Amino acid sequence: MNICIIPARGGSKRIPRKNIKLFCGKPLIAYSIETAKKSNLFNKIVVSTDDKEIARISENLGAEILFRPKKLADDFSSSIDVFEHAINEINKNNEFRYACMIYPTAPFLQVSYLEKGLNKLKNSNACFSFSATTYDFPIWRGFEIVNGKAKMIFPEYMNKRSQDLKEAYHDAGQFYWKNLKCKTKFHFNGSIPIIIPRYLTQDIDTIEDFKLAQIMFKVLKEDGYIKDWFLT
């Protein structure tokens with residue numbers, strides 16, 4: 001049996017009420033809940049929150065609600081700690097085999113990548129799989145600013161051609177699968193990355209991110225890149 005946990009607190013600062021802000025006509029969290037439902041991968045879909053309005057909207061969308069303690073609802077709370085708290089509360093009888101945390105800010109998430117994450121985890125000895133994507137610029141060419149002047153972080157790559165530099169990846173912030181036989185918290189080393197194309201990823205941390213994500217979503221929908229079966 002598998003469980004989906006969606007962490008959604010009410011106190012977003014940079015985008016007030018972000019998790020339930022209307023995104024292309026629906027509360028943002030609706031996309032995560034409905035993708036989880038459509039996948040048919042989960043026996044239970046739970047939203048971990050501290051907010052009654054988020055709870056009401058999530059329940060109306062078909063999710064169960066777990067109210068988290070206040071210590072896990074402030075600006076310093078880790079989503080991984082929220083994930084572990086929910087697992088410990090819900091899986092006391094050890095009835096679930098795999099758990100997946102899906103962020104409430106993942107409108108681009110596709111069922112096929114969720115399935116791939118679970119299947120690859122099942123066929124491995126790893127504890128976790130997670131969504132990842134490539135950087136759009138070689139990180140090896142990055143620089144910092146010291147006293148107003150540029151300073152290469154990796155000067156040894158200064159004269160390397162872009163095509164000769166290693167591909168680098170980062171967390172795509174969509175989902176994290178865990179084999180519940182493992183007792184450790186999520187960590188990247190040794191976990192299985194599920195590579196998602198950059199056009200299906202977008203951080204939504206600022207209002208500019210939010211607006212850009214809506215534009216991208218509408219274009220991808222029109223071009224058929226997003227199977228948004230849940231949109232009306």
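Here are legends for a handful of close-up views of this structure. The model is a predicted one, so local features need pLDDT of at least 70 and side-chain atom pairs count only at pLDDT 80 or more, while totals for chains, interfaces and linings use all residues. Numbering runs from 1 along each chain as its sequence is written, and side-chain values use heavy atoms, with hydrogens and water left out.

**View 1. The largest nonpolar core has 44 residues.** A nonpolar core here is a set of buried Ala, Val, Leu, Ile, Met, Phe, Trp, Tyr and Cys residues joined through side-chain atoms within 4.5 Å. Buried means under 20% relative accessible area, exposed over 50%, and partly exposed in between (1.4 Å probe, protein chains only). The members that touch the most others are Ile29, Phe42, Ile102, Leu114, Phe175 and Trp177. Helix α1 (residues 28-39) gives this core its largest share, six residues; helices (H or I, at least four residues) and strands (E, at least two) are DSSP runs, numbered from the N terminus. Apart from this core lies another one of 18 residues, including Ala86 and Phe186.

**View 2. Here is isoleucine 102 with its neighbours.** Leaving aside residues up to four places away in sequence, Ile102 touches Cys4, Ser32, Phe42, Leu114 and Phe175, among others. Contact means heavy atoms within 4.5 Å.

**View 3. Phenylalanine 23 and tyrosine 31 make an aromatic pair.** Rings of Phe, Tyr and Trp (its six-membered ring) pair if their centres lie within 6.5 Å; planes under 30 degrees apart are stacked, over 60 edge-to-face, and the rest tilted. That rule gives 15 aromatic pairs.

**View 4. Ring pairs link a cluster of aromatic residues.** Its members are Tyr103, Phe128, Phe130, Tyr176, Phe186 and Phe188.

**View 5. Cysteine 127 and cysteine 182 form a disulfide.** The term covers a pair of cysteine sulfur atoms within 2.5 Å, and the count comes to one. These two sulfurs are 2.2 Å apart, and the link is left-handed, with -85 degrees about the S-S bond. Cys127 sits in the loop between α4 (111-122) and β7 (128-134) and Cys182 in the loop between β10 (169-179) and β11 (192-195), so the pair ties together parts 55 residues apart in sequence. Cys127 is partly exposed at 22% relative accessibility, whereas Cys182 is buried at 15%.
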